[in-house]
2 protein chains.
Amino acid sequence: MGRIKTDSNLTRKDVIISKAATLFREKGYKAASMRELADIVGVEAASLYNHIKSKSELLHEICFNVANRFSHIMDEVEAEKISSLEKIEKLLRFHINGMVHHFEEVYVSDREWKYLSDPYLSNFQNQRRTYRKRFAAIIEDGIRKKEIKKIDPTTAVLIMLHAISGIESWHRSKQKINGDELEENMITILVGGLKK
Amino acid sequence: MGRIKTDSNLTRKDVIISKAATLFREKGYKAASMRELADIVGVEAASLYNHIKSKSELLHEICFNVANRFSHIMDEVEAEKISSLEKIEKLLRFHINGMVHHFEEVYVSDREWKYLSDPYLSNFQNQRRTYRKRFAAIIEDGIRKKEIKKIDPTTAVLIMLHAISGIESWHRSKQKINGDELEENMITILVGGLKK
DNA sequence: TAGCAGGGCTAACGTTAGTTAGTGTATTTT
DNA sequence: AAAATACACTAACTAACGTTAGCCCTGCTA
């Protein structure tokens, strides 16, 4: 077999990570084998190790790429001078877009993170917990300002984030409405559920 | 080691299935090993095979137990003479209760079904698809009767069901509100998001 | 009390997994 | 053009997996 083909300015490692994300999404991390991944990449299994240290490195690259993007957008949103409901809408749209346009990675990060091993595991869990607290704080603020119903903020966050991970079903389904309609529908229901 | 202890009128197989559900929930189906399960049950791995045919039998017992319960409640709800919104609320409460009180099995059925093998896999997918269509039909009916906002029913179902599977996070979290409060909060947000 | 399942056990099987070692060839750098 | 690096290959190792075979004890039934 020939070399791994790299489009434009991607490294070979990037190519492997990207194909790994697809494979992990389809089969699950544990069920996906390095030999299978190698096949997809177009190379022998052993050759992968010229570019990566281990299977688990693939997983934590994927998970932290995603987690860091979310941390970053949260920084931005917190800094903006808009209402709580607008902040939430902005976050939700970012999540929905991620799930629609970077499906493989986001999905893997969401469902397979438990196979990370320490110290990555604890690290990831911390980042996740922190993110949710910041999200909940925005909701709490909205309740104080009477923009939002009196509900438990933690529960609200849980509903929002998991509802969005349901976009997985949308990807699976045969006759899907288009991505933009999906986004508008989700915003209508979710933000509508919070509004006073 | 001694025999498998069976409380009341459970068979030894039931005990194994129940402990398998817990293990599969914690580790995931693929990552859970029969030797580990045997340890938990208090027996050697080989001894499990006196009661079950295979590891995969455990998974499909769990998945279909749950799926059948949901089919059954849907039959009941469809037959009742109440408004669409009330039907939806009833279904949601059943789902929430399942997730709170039969967490292990419901969670495994929700997240690990993809490791079923045919014919169970296709079967399960069919049951799932059918269930969601029936759910969507109720929402569609509600829209026609102007009880519910004009939204895409399929998207609404997807949001509801996945939001509920987020109760997983509630189980994980240290300082949780109690189950009844959780239920009320979820109903408020979800049903509130649909109502016109 | 003899017999026979039921249900444990140990040992071992064939597979598959992730990964390493060592070698050769193509590509890049000097 | 020569030297060095990158990267592919084959072969193999060890560990773990699900599962089977065959044996032995125990407690119910005849």
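I take buried as under 20% relative accessible area, exposed as over 50%, and partly exposed as in between (1.4 Å probe, protein chains only). The model is predicted, so I keep local features at pLDDT of at least 70 and side-chain atom pairs at pLDDT 80 or more, while totals for chains, interfaces and linings use all residues. Residues are numbered from 1 along each chain as its sequence is written, chains are lettered from A in the order in which they are written, and side-chain values use heavy atoms, without hydrogens and water.

**Entry: salt bridges**

I looked up salt bridges (a side-chain nitrogen of Lys or Arg within 4 Å of a carboxyl oxygen of Asp or Glu).

I began with B:Glu168 and B:Arg172, whose closest N and O atoms are 2.6 Å apart. They sit about one helical turn apart because four residues separate them in helix α9 (residues 167–172) of chain B. B:Glu168 is buried at 5%. B:Arg172 is partly exposed at 43%.

Next I checked B:Glu57 and B:Lys13, which meet at 2.7 Å, N to O. B:Glu57 lies in helix α4 of chain B and B:Lys13 in helix α1 of chain B, so the pair ties together parts 44 residues apart in sequence. I took helices as DSSP runs (H or I, at least four residues), numbered from the N terminus. B:Glu57 is buried at 5%; B:Lys13 is partly exposed at 24%.

A:Lys13 is in helix α1 and A:Glu61 in helix α4, 48 residues apart. Both are partly exposed, A:Lys13 at 25% and A:Glu61 at 26%.

Key: Helices (H or I, at least four residues) and strands (E, at least two) are DSSP runs, numbered from the N terminus.
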